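Please look through the sequence and the model shown here before reading on. The paragraphs after them go through the two chains, then the contact between them.

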Amino acid sequence: MKKFVNNPENFVPEFMAGVIAANGDLLEAIPEFQLIKRKNVDASKVAIVQGSGSGHEPAHVMAVGPGMLTAACQGPVFAAPPVDACLETIKSVATDAGVLVLVNNYQGDRMAWDMASEMAEAEGIKVVQFHINDDVAVQDSLYTVGRRGVAGNFFVMKACGAAAEAGASLEEVVAIAEKVNNNVRTMGVALTSCIPPAKGDPIFDIGDDEMEVGVGIHGEPGRERTKMKSAAEITKILYDAVQSDLPFSSGDRVALMVNGLGGTPPAELYVVYNEAAKLAGETGLTIARNYVGEYCTAIEMAGCSLTMLKLDDELEKLLDAPAQTACRIF
Amino acid sequence: MSTLTIDQIVEAIDITCDTVIRNEKYFSDLDGLAGDGDFGTSLATGFKVIKAELPEIDKSAVGAMLLKISMICSKHVGGSSGPIWGTGFMRGGMVAKGLEEVNYQQLTDMVGSAIEGIVARGGAKRGDKTLLDALWPIHEKMQEMDGSDLGAVLAAVTAEADKAIDATRSSVAHRGRASQVGERSANTPDPGIVGIATILYDWCKHYGVDYTPNAAELNR
């Protein structure tokens, strides 16, 4: 393993310290809880928080900023944050308008946030929890009952963040989360494995000529292990799975995301986007907004996921709203 | 009606730590029969931290103390046991919020609330072969009794947990990791139920309450 690491145990805190060092104007940290929050939280607006294992950057702590998350905490690589960190995240930004907790559907994350939300409520904080489950690949998985939450998470954060910034009530922001989650679908593919710094070895084995179709963002198995195919063929597998699931139909306006899983260069993501855009055209979809880059990764896994969100005027306006985060690409 | 002071509750938790730590390998071996074999280690890892931090924990109120224990559980007990046990302590702590001692009715309500929380967290039903199959009859027995003799209550609830070991032994697990092996979980005791029974039996021994166990897992 070759990585930029000092001591693997300090990897997550040191990465967070770097984010703060680079974004001192926007963000501050509470290192004890591996938590990053916005400076100058507006008490009249709904706060939006999230937190899960590290290794998915820029999700989730790098998605904190005006128009996006108000705060986020993270656990060790690929492991849920502890309950006290989740509770502190809620408390650190709790506003009169209330707190929306966005949780990607994984058992570990859900249980930690369930407990933290209950404790926060007992302290008189208004909290609503919302679960994101956009991955069409598998119904249940290694770490979930039900579908997994993956890159579609970005659209929930973005739309809810914009609504909260515009002064929407907690109930209204929750309704936005529901609308996005009901209309967003994702599927991913892995070409290589990934190496958690503390583990030092690849998390699963995969042959040079193989790919994992429907892979999870922690390297969990997907639908099938097959031989490598061309970019056009792979994109069609992902697109068909996503398109048929909602389904997206002729005349729909969509946001289309090609998300890199960490180890695939931007140029390859655009090759995939080009194929996906052609397929969307064949279906009769209008791509109103596109996103090509890294939004939700699995450390340095080579691979990508394809996400589509069916838009209406309200969602389109929310996606158009300005936002500023640590990675400055949102 | 008897009451328990915060110091008495701390003592019971300290004994519980000893029980869990001493049985680390045994509970994991039981879990290995149908689950993933980490139950004993997961639990012991967390209870070692509780044992170490117990002397320094804020003991101004039962509720605050139990919430702290809950935090340690959820942070240091691995797997799904962390949130499950953490929720139990959290819910108990919420009932005992601000109390410097708890009476029998409050103690019974703490157990009831802990059960409600664990059900909400894990979604288990009666007969799913989880630790709740020990906790439900314990709570019902507590509700039946008047609590004037806490020793008698302890013997009675230990008997309920003891019975639960054999009552669920032949059934197939429907929740937790053991549910994934289907029929293979039949004819193995549930480690969570054995854990509860072992803790209570050790309390009996510590407090000088006579109890003769039936299940093989308590007669080792």
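How many of the 220 residues of chain B count as buried, as a percentage? The figure is 46%, where a residue is buried if 20 or more other C-beta atoms lie within 10 Å of its own, exposed if 12 or fewer, and partly exposed in between, with C-beta atoms placed from the backbone. This is a predicted model, in which local features need pLDDT of at least 70 and side-chain atom pairs count only at pLDDT 80 or more, while totals for chains, interfaces and linings use all residues. Residues are numbered from 1 along each chain as its sequence is written, and chains are lettered from A and ligands numbered from 1 in the order in which they are written.

Chain B contains nine helices and two strands; helices (H or I, at least four residues) and strands (E, at least two) are DSSP runs, numbered from the N terminus. Along the sequence the pattern reads β-α-α-α-α-α-β-α-α-α-α. The C-alpha trace of chain B spans about 45 × 35 × 30 Å along its principal axes. Of the contacts in chain B with a separation of 6 or more, 64% are accounted for by residues 24 or more positions apart; two residues are in contact if their C-beta atoms, placed from the backbone, lie within 7 Å.

Asp38(B) sits in the loop between helix 2 (24-34) and helix 3 (39-53) of chain B. Is Asp38(B) buried or partly exposed? Asp38(B) is partly exposed, because 17 other C-beta atoms lie within 10 Å. Leaving out residues up to four places away in sequence, Asp38(B) touches Ser28(B), Asp31(B), Gly78(B) and Gly79(B). Lys25(B) is 13 residues from Asp38(B) along the chain, and their C-alpha atoms are separated by 9.1 Å.

Now turn to chain A. Chain A has eight helices and twelve strands. The radius of gyration of chain A is 19 Å, close to the 20 Å that the globule rule gives for 330 residues, so chain A is as compact as a globular protein of that length. Its C-alpha atoms fill a box of roughly 55 × 50 × 35 Å, taken along the principal axes. Buried residues make up 57% of the 330 residues in chain A.

Six strands of chain A form an open sheet in the order 9-8-7-12-10-11, with mixed pairing; two strands pair if DSSP finds at least two bridges between them. Strand 9 (224-227) and strand 11 (286-293) of chain A are the edge strands, each pairing on one side only. From one strand to the next, the twist averages 20°.

Strand 7 of chain A is mostly covered, with seven of its seven residues buried. In a regular strand the side chains alternate between the two faces of the sheet. Here Val184(A), Thr186(A), Gly188(A) and Ala190(A) point one way from strand 7 of chain A, whereas Arg185(A), Met187(A) and Val189(A) point the other way. Strand 7 of chain A runs antiparallel to strand 12 of chain A, joined by seven bridges, and Met187(A) has Leu306(A) as its bridge partner in strand 12 of chain A. Strand 7 of chain A also runs antiparallel to strand 8 of chain A, with two bridges joining them. Ala190(A) has Glu212(A) as its bridge partner in strand 8 of chain A.

Last comes the contact between the chains. Eleven residues from chain A and ten residues from chain B take part. The largest share of the side of chain A that touches chain B, eight residues, comes from helix 3 of chain A. The residues of that side divide into seven nonpolar, one polar and three charged. In this grouping Ala, Val, Leu, Ile, Met, Phe, Trp, Tyr, Cys and Pro count as nonpolar, Asp, Glu, Lys and Arg as charged, and the others, Gly among them, as polar.

Terms used
Rg over C-alpha atoms; globule rule 2.2 N^0.38 Å. Axes fitted to C-alpha atoms, helices over the stretch in contact; angles between N-to-C directions.
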